[in-house]
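Trainee: I am new to this structure. Could you take me through it, one question at a time?

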Amino acid sequence: MNNHITSEESKTNYLYHYTTKKGLLGILESNCLWATQYKYLNDHSEITFAKEILKKALLEKSENGKKFIEYSFDIIYDSFEKYDIYTTSLCDAEDTYTMENGLLSQWRGYGNDDGGVYAIVFNKENLVRIFEEEERLGDIENEKKDEKKKTKFLNRRVVYSKLYSNGVKNDKEEINNYLEKFKDEISEIVRLLDRPDDIDLLIHSWIKCISFYKSEGFKEEKEFRFVASLGRGNSSSHKKIKNPLVKPYIELFDKNKMDANGKEDRTENTPLPIEKIIVGPHKDKEKHATLLKDELASMGKSNITVTISEIPFIGR
């Protein structure tokens, strides 16, 4: 099954990452994005909520009895807790004004940084392509170590729920909506419930169902999420976990420093597909734009367009 689930897709081919000047330079210099361990997400309850509605959806879909589903669910969840799962999220945009000027709520979130605030605009199709390629290169590295494939990379647009803040209710419309959005993944879970030996495959389908479902309170972000599941306890993963005691993260796209055979080749490093950078609202936004153009030139990245948001918001 393709890891890129086509549901709630955007009408554009761009994804937006909002950040500070320090974050911007870090991405430009490292050619990487960070993915954070899921337990450190801003909405810490989203996994729990998605788990509950998934249970109700399985009860609707499965021919097995309620006791079997609930028993199996507890076992799966205990196993899921042992998996290392990392996510990073970008914003989508569907109207022309937001595409050109960014999202006000995001600018507000970063509005007090002296170095300015920025939106990195990625080509979505190319970003997804190198994300999926990184999984393949990781598999090559694991094969060299005679290790079983454990890492799974997923990406898709997030699905939002109106019931999220009130908990899961017996709302047929919402459950049917969930069944429709994740029908292939739920069918796969139902099929695998009778095959306990395929726990990794079962957890993989589970992750697809619960990692892309959250409160409609975040709906305006139109979030597009990248998820890397490193297996149980990061065993046999080619990813190095950083800052493990405070806020664990991994670097995505670092495998683009390898050639087609999985051999490290920094001279052939595929650049992140950055289309442009929007300089956000700030009293010194024109100065920030001029400085950024000079910095891009010094990095050999003059091909990246720099624009200035017209949103009349001053963060400080």
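Trainee: In which loop is the place of Asn31?

Mentor: A word first: this is a predicted model. Helix 1 covers residues 21-30, and Asn31 follows that helix. The loop that holds Asn31 lies between helix 1 and strand 2.

Trainee: What is the phi of Asn31 near?

Mentor: Most residues other than glycine have a negative phi. Asn31 is not glycine, yet its phi is positive. The value is near 60°.

Trainee: Is Asn31 buried or exposed?

Mentor: Buried means under 20% relative accessible area. Asn31 has a relative accessible area of 7%. That value makes Asn31 buried.

Trainee: Where is Lys222, and how does it count by relative accessibility?

Mentor: Lys222 has a positive phi near 45°, and it is a residue other than glycine. Its place is in the loop between strand 7 (213-215) and strand 8 (223-232). Relative accessibility is 21% for Lys222.

Trainee: Which exposed residues does helix 1 carry on the face turned away from its buried side?

Mentor: Start with the buried side. Its residues pack against strand 1 (14-20), strand 2 (33-37), strand 4 (117-123), strand 10 (274-279) and helix 10 (285-298). The face turned away carries the exposed residues Lys22 and Glu29.

Trainee: Which residues have the most contacts inside the largest nonpolar core?

Mentor: In soluble globular proteins, nonpolar side chains tend to be buried together. Here the largest nonpolar core has 37 residues. Those with the most contacts inside it are Leu54, Phe80, Tyr178, Ile186 and Trp206.

Trainee: How many residues are in the second, separate core?

Mentor: This core includes Phe153, Leu230, Val279 and Leu292. Its count is 32 residues.

Trainee: Which residues does Ile76 touch, not counting residues up to four places away in sequence?

Mentor: Ile76 lies in helix 3. At 3% relative accessibility, it counts as buried. Ile76 and Trp206 are 130 residues apart in sequence, but 8.5 Å apart in space, C-alpha to C-alpha. The residues Ile76 touches are Leu193, Leu202, Ile203 and Trp206.

Trainee: How is helix 7 set against helix 8: roughly parallel or roughly perpendicular?

Mentor: Their axes come within 5 Å and cross at roughly 85°. Angles of 65 to 115 degrees count as roughly perpendicular. Therefore helix 7 and helix 8 are roughly perpendicular.

Trainee: How many residues of the contact of helix 7 with helix 8 are charged?

Mentor: From helix 7 come Tyr178, Leu179, Glu180 and Lys181. They meet Lys183, Glu185 and Ile186 in helix 8. The residues divide into three nonpolar and no polar, and the charged ones number four.

Trainee: Within what arc do the buried residues of helix 7 fall?

Mentor: Glu174, Ile175, Tyr178 and Leu179 are buried in helix 7. Seen down the axis, they line one face of the helix. The arc is 140°.

Trainee: With which residues is Ala228 in contact, leaving aside its neighbours within four places in sequence?

Mentor: Ala228 is found in strand 8. At 1% relative accessibility, it counts as buried. Its contacts are Asp84, Ile85, Tyr86, Lys152, Phe153, Ile250 and Leu252.

Trainee: Is Asn303 buried or exposed?

Mentor: Asn303 sits in the loop between helix 10 and strand 11 (305-308). Its relative accessible area is 63%. Exposed means over 50%, so Asn303 is exposed.

Trainee: Last one: what share of the protein chain's residues count as buried?

Mentor: The secondary structure comes to 10 helices and 11 strands. The chain has 316 residues. The buried share is 53%.

How values were computed. Residues are numbered from 1 along each chain as its sequence is written. This is a predicted model: local features need pLDDT of at least 70, side-chain atom pairs count only at pLDDT 80 or more; totals for chains, interfaces and linings use all residues. Side-chain values use heavy atoms; hydrogens and water are left out. A nonpolar core is a set of buried Ala, Val, Leu, Ile, Met, Phe, Trp, Tyr and Cys residues joined through side-chain atoms within 4.5 Å. Buried means under 20% relative accessible area, exposed over 50%, partly exposed in between (1.4 Å probe, protein chains only). Axes are lines fitted to C-alpha atoms, for helices over the stretch in contact, and angles run from 0 to 180 degrees between N-to-C directions. Helices (H or I, at least four residues) and strands (E, at least two) are DSSP runs, numbered from the N terminus. Angles under 35 degrees count as roughly parallel, over 145 as roughly antiparallel, 65 to 115 as roughly perpendicular and the rest as oblique. Contact means heavy atoms within 4.5 Å. Ala, Val, Leu, Ile, Met, Phe, Trp, Tyr, Cys and Pro count as nonpolar, Asp, Glu, Lys and Arg as charged, and the others, Gly among them, as polar. The arc is that of the directions from the helix axis to the C-beta atoms.
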